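Please read them beside the coordinates.

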Amino acid sequence: MKKLFSILLVACLLMSVCAGAMAEEFKGLDSSDYSQFPLVKEGEKLTITVAHIRDAAYGVDVEDMWFWTWAEKVTGIDFEVQQILSSSKADLLPLMFAGGDVPDLLLGLSLTTAEISRYGVAEGQLKDLTEWITPERMPYLTAWFEAYPEAKALCITPDGALYPLPGFQNIVYTHGVGGNTTQFNVAWMEANNQEAPKTLDELVALLYAHKAAMPDGTPVASHASKRGAETNESGILGNLLYAFGFLGGREYGIDVAVKDGKAVIPAGHQDFKAYLELLKKFYDDGIMMKDYYTADDLAVQTLIQENKSLIAGQVYHIIPDAARFQEWKYLSPVSSEYTATPLAKASTPFKVGTCLVGAKVTDEELDALLRFLDFFYCEIGGLYTWDGPIAGSDDLLGFSEGWVYDYSTGSTGSRIFLDVTAGKYSSGTEYVKGVIGANCNGFGNRSHSLTNEKLTYMYEITQYVQDPTMENFIPYVWAEDHGDGWGRIWIKANIAPYAVPGFPEIVYFDEDTQEEVDEIRMVMDAYIETNVAKFVTGARDLAEFDQFVKEIEDLGLRDLEAIYQEAYDAYLAAK
């Protein structure tokens, strides 16, 4: 990567832009007001090694990425960056720790709490930051911890150490529902006089009505979720578990869920058999794809594009045209004989695992590194981790035209990427995951302002960064002509009212317990996946379900549930 000399950021002249055209000039925020930069004196050298995630679909080489070039320029730190492809992370991350050569900074790698416990608590390869997070060194993060002490508690492992730097996401302005949810083709439903289902039986009848009306279609536009990957369609059939009273578990019934107030692994519960019987019927009758367990994204996308499905996930990713994605809505979860009350799992706005520090970092390196990372907890710093700089900012460094807040779009306007409107990039996703390239959305401030009560959402902060006078400020509402906004409108209206807390998303175990969990899951997870697929496709008779439960009990199922139950009891006691 090209080395850059340290310079102090200067006040930048920003431009208000409407529909991509330059208009009235005004003075915008100077990002040097929000940092301790530069962090290295001119003429001196400080090197920080980094392992950074690279998006497999949109990522670019380090030298073509805005984020690290800007970071070197404003801090004076020499960042030596090793990119890890998101598609290869599951294989490369264990190798990196096994070799004991952990970089100073791990950014965007999204370690699980199990990995944090293993590499931090058990192996000592992560740095305990407890004594380093001070008001002098990290004033912004300190303020967040004071405002949300529960977020700090979620960073602390059983040995009392604090390894991850957290992320704050949509705390004030959110729908509070975790996981992928299911959109329905309401245009087809209305055209065929079909009402929104309120019960599981009505949902099943609706799917079969679609199949009868469209024999060459497939009502469920989804394929099997990939372990370790997040796909748009991964949660559709897993969401059916809600109707069987399971809060969580994913479609294979592998992950811990809450049912009837207890922590369970759904695959080992008797009600899971009824779920499998339903999926088997779907498979036999063409309600789901015959190659469900082997199909790729393209097969699913084709179904949606050709309008041959009834339910799908996040349709706007596949159909960007507003007139078409607005034909799909998130509908409310359904009740059943297994749950009288429709269920959806509530999410936490706090994230951990995206930003950690290697244990071999020196004190000098750590001091500079934490001062750098603190910048991303202020308002403009939070924007930089995803959107990058505003149009007209010197911080753009010639990489792009940046973004503007365009008040002419929708009822409250929206953030526009000028390079996308100019056709240089196909979408905002390609722009932010490629040329901007921070890819660390689970770290820093992606929520609101702690000092300005009007700024309750990142789009409102975007307005403020563009015009600190707030003369044209409009409280933000989700735009119907934006796919994400359209989805959030209907999630908040139809799903959020049923959201209840499930098993905590962030939980740590001590070294011995984590080792036991890992040993059980290493064998049991794959066994469950394989046999669930066999039950659904008919390769194994569902008459053998009780035998299957006995088999996974022999692999440690009940011991695992006892561990989760203890953690769940502790979570409830601490609330």
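The points below go from the whole chain to single residues.

1. Basis. This is a predicted model, in which local features need pLDDT of at least 70 and side-chain atom pairs count only at pLDDT 80 or more, while totals for chains, interfaces and linings use all residues. Residues are numbered from 1 along each chain as its sequence is written, and side-chain values use heavy atoms, with hydrogens and water left out.

2. Overall dimensions. The protein has 575 residues and a radius of gyration of 25 Å, which agrees with the value near 25 Å for a compact globule of that length. That radius is taken over C-alpha atoms, and the globule rule is 2.2 Å times the number of residues to the power 0.38. Along the principal axes, the C-alpha atoms fill a box of roughly 75 × 55 × 40 Å.

3. Burial and surface. Of the 575 residues, 56% count as buried; buried means under 20% relative accessible area, exposed over 50%, and partly exposed in between (1.4 Å probe, protein chains only).

4. Contacts and secondary structure. Taking contact as heavy atoms within 4.5 Å, residues 24 or more positions apart account for 72% of the contacts with a separation of 6 or more. There are 20 helices and 18 strands in the protein. Both are DSSP runs numbered from the N terminus (helices: H or I, at least four residues; strands: E, at least two).

5. An open sheet. 4 strands lie in the order β4-β3-β5-β14, with mixed pairing; two strands pair if DSSP finds at least two bridges between them. β4 (78–85) and β14 (355–357) stand at the edges with a single partner strand each, so one side of each has no neighbour in the sheet. From one strand to the next the twist averages 20°. Strand β3 (residues 47–54) runs parallel to β4, and 8 bridges join them. I48 stands opposite F79 in β4.

6. Helix packing around α18. Axes here are lines fitted to C-alpha atoms, for helices over the stretch in contact, and angles run from 0 to 180 degrees between N-to-C directions. Helix α18 (residues 511–537) packs against α19 (residues 545–554) at about 170°, with the axes 11 Å apart. The two helices are therefore roughly antiparallel (under 35 degrees is roughly parallel, over 145 roughly antiparallel, 65 to 115 roughly perpendicular, and the rest oblique). M524, Y527, I528, N531 and F535 in α18 meet F545, F548, E551 and I552 in α19.

7. A crossing helix. The axis of α9 (residues 271–285) comes within 7 Å of that of α18, and they cross at roughly 55°. That makes α9 oblique to α18. F272, L276, L279, K280 and Y283 of α9 make the contact with V532, F535, V536 and T537 of α18.

8. Backbone points to check. F37 and P38 are joined by a cis peptide bond, with omega about -5°; P38 lies in the loop between β2 (21–27) and β3. D260 is in the loop between β8 (257–259) and β9 (262–264) and is exposed, at 65% relative accessible area.
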